[in-house]
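Subject: Structure handover

Hello,

Here is the structure for you to look through. My notes on what was found in it follow below.

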Amino acid sequence: MAELRALVAVKRVIDFAVKIRVKPDKTGVVTDGVKHSMNPFCEIAVEEAVRLKEKKLVKEVIAVSCGPVQCQETIRTALAMGADRGIHVEVPAAEADRVGPLQVARVLAKLAEREKVDLVLLGKQAIDDDCNQTGQMTAGLLDWPQGTFASQVTLEGAKLKVEREIDGGLETLRLKLPAVVTTDLRLNEPRYATLPNIMKAKKKKIEVIKASDLGVDLSSKLTVVSVEDPPQRTAGVKVETTEDLVAKLKEVGRI
Amino acid sequence: MSRCGLFLRRAAAAGRACRALVAFTASRRPLRTSPQSRAFAKELCLGKIEKNGVFPFPEVSQDELNEINQLVKPVEKFFIEEVDPQKIDREGKIPDDTLEKLKSLGLFGMQIPEEYGGLGLSNTMYARLGETISLDGSITVTLTGHQAIGLKGIILVGTEEQKAKYLPKLASGEHIAAFCLTEPGSGSDAASIQTRATLSEDKKHYILNGCKVWITNGGLASIFTVFARTEVADSDGSVKDKITAFIVERDFGGITNGKPEDKLGLRGSNTCEVHFENTKVPIQNVLGEVGGGFKLAMNILNSGRFSMGSIVAGMIKKLIELTAEYACTRKQFNRKLSEFGLIQEKFALMAQKAYVMESMAYLTAGMLDQPGVPDCSIEAAMVKVFSSEGAWQCVSEALQILGGLGYMTDYPYERMLRDARILLIFEGTNEILRLFIALTGLRHAGRILTGKMNELKWGNVGVAMGIIGQKLRDALCQTVNMGLTGKLGLVHPSLEDSATKLEQNVYYFGRTVESLLHRFGKSIVDEQLVLKRVANILINMYGMTAVLSRASRSIRTGLRDHDQEILLANMFCVEAYFQNLFSLSQLEKNAPENLDKQTKKIAQQILEKRAYICAHPLDRMS
């Protein structure tokens, strides 16, 4: 049965516990010397892939990341959690800011074809840009079915049953493989990469390639105009009656 | 000045006449057969800075650094998300599933070689992980009690069979280890232990009898490193009582535990009495040589000591974060606490202590990671003394920043204070370690100086010239240059002033040591108040060297925020310099700053009556 191969995409982001500070020139946030880790939703994706491998439903798990050389740390964490090998699509640090969901989706699509995988797993969104687009775009480029916001994934023969968390409740889909799945919070609880596994993962391979090797164009039509702190919250105003409330709202031009 | 002139003329004449002699003695110079020792602290006692071991500051390769950072991440994550230090302290135990997770993370075998299932970490990597586990004191001491001392003997001197038999299960945490040396009557005086191991009639077992006290992990352990007296036949046929180390399994029988001790701090860690009653230990379980137990015990304790520096530094860095949050938000007198000088001073203190501790700890770890078996026992002891006292001071100041809140059990400060108090006591009390530091250094200096005196008697002109030159320099008050500053200096120019201060201290200290040995001779062993000052000066100087070395490297390699490093390094060096000057002046003959005689007299009078003896202020002559 275990002939399936999975590709898991992981992103290196600023650690969720860090207090973000905007750079004085407003071009972005301070990343120098700041603690980074694997995007929490990507961890869930890696965990799911490794669990499928442990259940002998998936034969090989490949971890991939796009970005500067530090991404290899993130790939190593995925390897320590149980992925078999890694691919680092190297992007020089200066250009890394312009690599967004569309560019990554192009890379993942090409890799999925090159590696002949049956399943592409990603986190639903990254905690730095909150785009929630990469998985969907990848499926679109590959013309594969997609199950996003997955809270449960079950393999049924050549089909994948995906339970999705949507606004109204839970939706269950059956996807024909190959497919793209993006993971949501309640899918699983990722394991710790134990120190002995980190040591063992040192022997696993990470292939380093460039986007151009895959024939992918990383150019973007988007530019960041400015990054600013949200406005400071000011005190609210208390009113006595509903009429006062409506009058006040009209006053500030909200209605 | 005329005396100088006479001196000069005499010296010149001697030089001219003895150049031939110098050539003669040079050809008779003995061959150097021993390897160059990294005797940094010992050389300080001779007024020299042994630069090889301490400059440049030890570095790890980028690969190693990546590996260390990788290893730290999951441990940090685990401690932040799943360890509740308050609960561990309140309930007096580490939850079973926390212990299991620590085992599966691999934290029970950090320094056990990989071939036996451990992580085989270097001292530097081990020190780095120490910073992360310091988030909970009880867990830290459970882990270090197990591996830094409990099983370390097997790694250091165990036979292949012993290693293969015991290390794998110790690495996975299936078995926990404990170090059994202390007895009710033998604490600091470890050599006086009374536990006895007698060889059985069939010479296949030792029968172990005795009582060990305050054993960390005593109730959890299944493998004990036990130190006991054995009869050893000397080479000349006489029978002596010497200490031997044994690997004892709980399954050998006859081992009982007392109840867990109710402690001030580290309440989650298990500490209890361990009793051995006719426990049969197979002779294959002798650890190291029969009779070599005391030396092994000292080696074991020395090898783990340096990590206290990084463990405490990790804790203080966390403290700074916690208290800064508070100081920057809390307002009194309509201003934030962080704007007040007295509060700012506390942060500067914590940052400085953490900086010095880190520098000393990683310098020592780097020295220990050098090939060969370097003897860094004095340096490790210095790290331990500085860190334990720094910890106590910093936690106290942090608690003070919080004011009344710091005193409440809802906040972690009182627990951290209680946990930190033991640091000055266990692993060698700071009093004993100060004596050890001072005496080892002085003994080395004494040996070299006596050697020099003998050479002088034999007509070694090189030595004579050296001594004359030194006296000349003293008389002319020339500045000292030991190669730290200047164009080819090892220290970066922005630290030049501090480096010069260190060189001056070292030189003055070397002369003081000579004068002390001259004044006291062998009886210096009993002059504890003198030895205390010698140790304090040595610790300060090691600290100064460590920060100068580290800061120089940070500036030269362009690490971020090195301006703060320059500030911290210079600030510490200036403070230490003046502290040293005061101690050195107290060590001079008949120094008015020295109140030792009075101290001893007061103590004598009190201890005679075992009470405070002065009349009450309200008393009258009736």
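In these notes, contact means heavy atoms within 4.5 Å. This is a predicted model, in which local features need pLDDT of at least 70, side-chain atom pairs count only at pLDDT 80 or more, and totals for chains, interfaces and linings use all residues. Residues are numbered from 1 along each chain as its sequence is written, chains are lettered from A and ligands numbered from 1 in the order in which they are written, and side-chain values use heavy atoms, with hydrogens and water left out.

Chain A

Chain A has 7 helices and 11 strands. Here helices (H or I, at least four residues) and strands (E, at least two) are DSSP runs, numbered from the N terminus. Along the principal axes, the C-alpha atoms of chain A fill a box of roughly 70 × 40 × 40 Å. Of the 255 residues in chain A, 42% are buried. Buried means under 20% relative accessible area, exposed means over 50%, and partly exposed is in between (1.4 Å probe, protein chains only). Among the contacts in chain A with a separation of 6 or more, 71% join residues 24 or more positions apart.

An unreviewed UniProt entry places the feature "domain: Electron transfer flavoprotein alpha/beta-subunit N-terminal" at residues 26–218 of chain A. UniProt positions are given in the numbering used here, feature names are shortened, and annotations may be inferred rather than shown by experiment. Residues 26–218 of chain A are 31% helix and 32% strand, with the end C-alpha atoms 24 Å apart.

How do helices α4 and α5 of chain A pack? Helix α4 (residues 101–114) and helix α5 (residues 134–142) of chain A have axes 8 Å apart and an angle of about 50° between them. Axes are lines fitted to C-alpha atoms, for helices over the stretch in contact, and angles run from 0 to 180 degrees between N-to-C directions. α4(A) and α5(A) are therefore oblique to each other. Angles under 35 degrees count as roughly parallel, over 145 as roughly antiparallel, 65 to 115 as roughly perpendicular and the rest as oblique. The residues that meet include A:L102, A:A105 and A:L108 in α4(A), and A:M137 and A:L141 in α5(A). By class, the contact of α4(A) with α5(A) has 10 nonpolar, 2 polar and 2 charged residues. Ala, Val, Leu, Ile, Met, Phe, Trp, Tyr, Cys and Pro count as nonpolar, Asp, Glu, Lys and Arg as charged, and the others, Gly among them, as polar.

A:T74 lies in helix α2 (residues 71–81) of chain A and is buried, with a relative accessible area of 5%. Leaving out residues up to four places away in sequence, A:T74 touches A:V10, A:K11, A:R12 and A:M38. A:P92 sits in the loop between β5 (85–90) and α3 (93–96) of chain A and is partly exposed at 43% relative accessible area. A:P178 is in the loop between β9 (169–176) and β10 (179–183) of chain A, and the peptide bond from A:L177 to A:P178 is cis, with omega near 0°.

Chain B

UniProt (unreviewed entry) gives "domain: Acyl-CoA oxidase/dehydrogenase middle" at residues 178–278 of chain B. That span is 0% helix and 51% strand.

Helix α12 (residues 307–329) and helix α13 (residues 341–368) of chain B pack at an angle of about 160°, with axes 8 Å apart. That makes α12(B) roughly antiparallel to α13(B). The contact of α12(B) with α13(B) divides into 15 nonpolar, 3 polar and 3 charged residues.

A few backbone details remain. Most residues other than glycine have a negative phi, and most peptide bonds are trans. B:F55 and B:P56 are joined by a cis peptide bond, with omega about -10°. B:N590 is not a glycine but has a positive phi of about 55°; B:N590 lies in the loop between α21 (562–586) and α22 (596–609) of chain B and is exposed, at 71% relative accessible area. B:R610, in the segment after α22 of chain B, has a positive phi near 55° and is exposed at 76%.

Regards
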